[in-house]
Amino acid sequence: MRSEFRGVDLVFLFSIIALVVFGLLMVYSTSFIFAAERTGDGYTFIRKQLAFAVAGFAGLWAASRLDYRHLERLGYWIFGGSLLLLALVLVPGLGGKAGGAQRWLELGALRFQPGEIAKFALVVFVARQLARKRERLTSFTAGVLANFVVPLPALALLLAQPDFGTVTIIAAVIFCMMFAAGVPLRYLAATLGALGAAAVVLVLGSPYRKARLMTFLDPWQDPSGSGFQILQSLTGLHNGGVSGVGLGNGRGKLFYLPEAHNDFIFAIIGEELGFIGAAAVAALFCFVVYRGLMIGWRRFSSEGDLFALLLATGLTLVIGLQAFVNMAVVMGLLPTKGLTLP
């Protein structure tokens, strides 16, 4: 089979479909009993997941009919719209809370996280900035400052929710886009140092973030409290062994592991499908990242379109880096951040 058909990268498309279908299967497996106990309907969460999957593919089809260059022209408008939505989240009566954070915008029956839209908007905006200033990227102002100073209000609104995890992902993606655009290494090193210092200040300056860091360093300090979730996650991965206990047979989802159908679904994948299943999921994410980056690189190589390269890089890494962080958290390699597995 040809890998492309009428401009569509079929291998990339089928990889995305595989992740979505597998995600639906695992959401059903992990959430049925929990949903039945909480809502009286075991299909509550899988029904929502399926609705969003259908909406997502409808959005994919619609976006594929448009010329991506329109995004470059609308960069400021897209960024401004996302900024407005982030501000509305903090308005009483419009913003909804979950897990102690006010990250949801509730407009009638519609409930969503503007932070997800902000990821897309900031990728488009930064790609536009870097592409239009490609001849001036050797200056610190065009190469670094413009890509962080203008998005700063959006990052501040995300921190106010608070959503430190999304801010971390966005900052990391912007940094990678700067690298792909050819910003001088000395500027990248300075940026990395500044981002690291800011992260230390934000973590140590916040009691709940500092507590999460302490739990990460020693979850056995409070095994029945703050360390309970990560210890249950590691227990599930251990019980899965090489081949797992079988799809649907995991015990972690039976009210042992908090957020088993959500932030920690990768632990149930490891328990039910073992190292083989978990490694396959990680490998598929890696392949999606590779293929997405290559799509941008091919357009840049053939047409010199820097915006296409940066747009593909940013959008791909938004998924890839979040997946990496989520899996690392589940395996106890990073502190808990509240980021879901895409």
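Let's start at Asp67, which counts as partly exposed because its relative accessible area is 32%. Buried means under 20% relative accessible area, exposed means over 50%, and partly exposed lies in between, using a 1.4 Å probe and protein chains only. Before going on, note that this is a predicted model, in which local features need pLDDT of at least 70 and side-chain atom pairs count only at pLDDT 80 or more, while totals for chains, interfaces and linings use all residues. Residues are numbered from 1 along each chain as its sequence is written, and side-chain values use heavy atoms, with hydrogens and water left out.

Asp67 has a partner: its side chain meets that of Arg69 in a salt bridge, at 3.2 Å from N to O. A salt bridge here is a side-chain nitrogen of Lys or Arg within 4 Å of a carboxyl oxygen of Asp or Glu. Side chains of opposite charge can pair when their charged atoms come close. Arg69 is partly exposed, because its relative accessible area is 29%.

By this rule, the count of salt bridges is 12. One of them joins the side chains of Arg291 and Asp9, at 3.0 Å from N to O. This pair links distant parts of the chain, with Arg291 in helix H12 and Asp9 in strand E2 (residues 8-9), 282 residues apart. Helices (H or I, at least four residues) and strands (E, at least two) are DSSP runs, numbered from the N terminus. Are these two partners buried or exposed? Arg291 is buried, because its relative accessible area is 15%, and Asp9 counts as buried because its relative accessibility is 8%.

Another salt bridge is formed by Asp163 and Arg103, whose closest N and O atoms are 4.0 Å apart. This pair also links distant parts of the chain: Asp163 sits in the loop between H7 and H8, and Arg103 in strand E4 (residues 101-107), 60 residues away. Both Asp163 and Arg103 are buried. Salt bridges that share partners also join Asp67, Arg69, Arg299, Glu303 and Asp305 into one network.

Now look at Pro162, in the loop between helix H7 (152-160) and helix H8 (164-181). What kind of peptide bond joins Gln161 and Pro162? The bond is cis, with omega at about -5°. For background, most peptide bonds are trans.

Next, follow the chain to the loop between helix H11 (228-240) and helix H12 (265-303), where you will find Lys253. Lys253 is buried, because its relative accessible area is 7%. The side chains of Lys253 and Glu272 are joined by a polar contact of 2.7 Å. A polar contact is a pair of N or O atoms within 3.5 Å; within protein, one must be able to donate a hydrogen and the other to accept it, and residues adjacent in sequence count only if both atoms are side-chain atoms. Leaving out residues up to four places away in sequence, Lys253 touches Ser29, Thr30, Gly248, Ala260, Ile268 and Glu272, where contact means heavy atoms within 4.5 Å.

Tyr256 is also found in the loop between H11 and H12. Tyr256 is partly exposed, because its relative accessible area is 37%. Together, Ile33, Leu254, Phe255 and Tyr256 make a nonpolar surface patch of about 360 Å². Patches are made of residues with over 30% relative accessible area and no salt bridge, with like charges joined within 9 Å and nonpolar side chains (Val, Leu, Ile, Met, Phe, Trp, Tyr) within 5 Å. The accessible areas come from the Shrake-Rupley method with a 1.4 Å probe, and for residues only the protein chains shown count as cover.

Let's turn to the core. The largest nonpolar core has 68 residues, of which Leu130, Met177, Met178, Phe266 and Leu341 touch the most other members. Helix H13 (residues 306-330) gives the most to this core, with 12 residues. A nonpolar core is a set of buried Ala, Val, Leu, Ile, Met, Phe, Trp, Tyr and Cys residues joined through side-chain atoms within 4.5 Å. Beyond residues up to four places away in sequence, Met177 touches Val123, Val126, Ala127, Leu130, Leu310 and Gly314.

Our last stop is Phe22, in helix H1. Phe22 counts as partly exposed because its relative accessibility is 22%. Not counting residues up to four places away in sequence, Phe22 touches Ile269, Leu273 and Val281.
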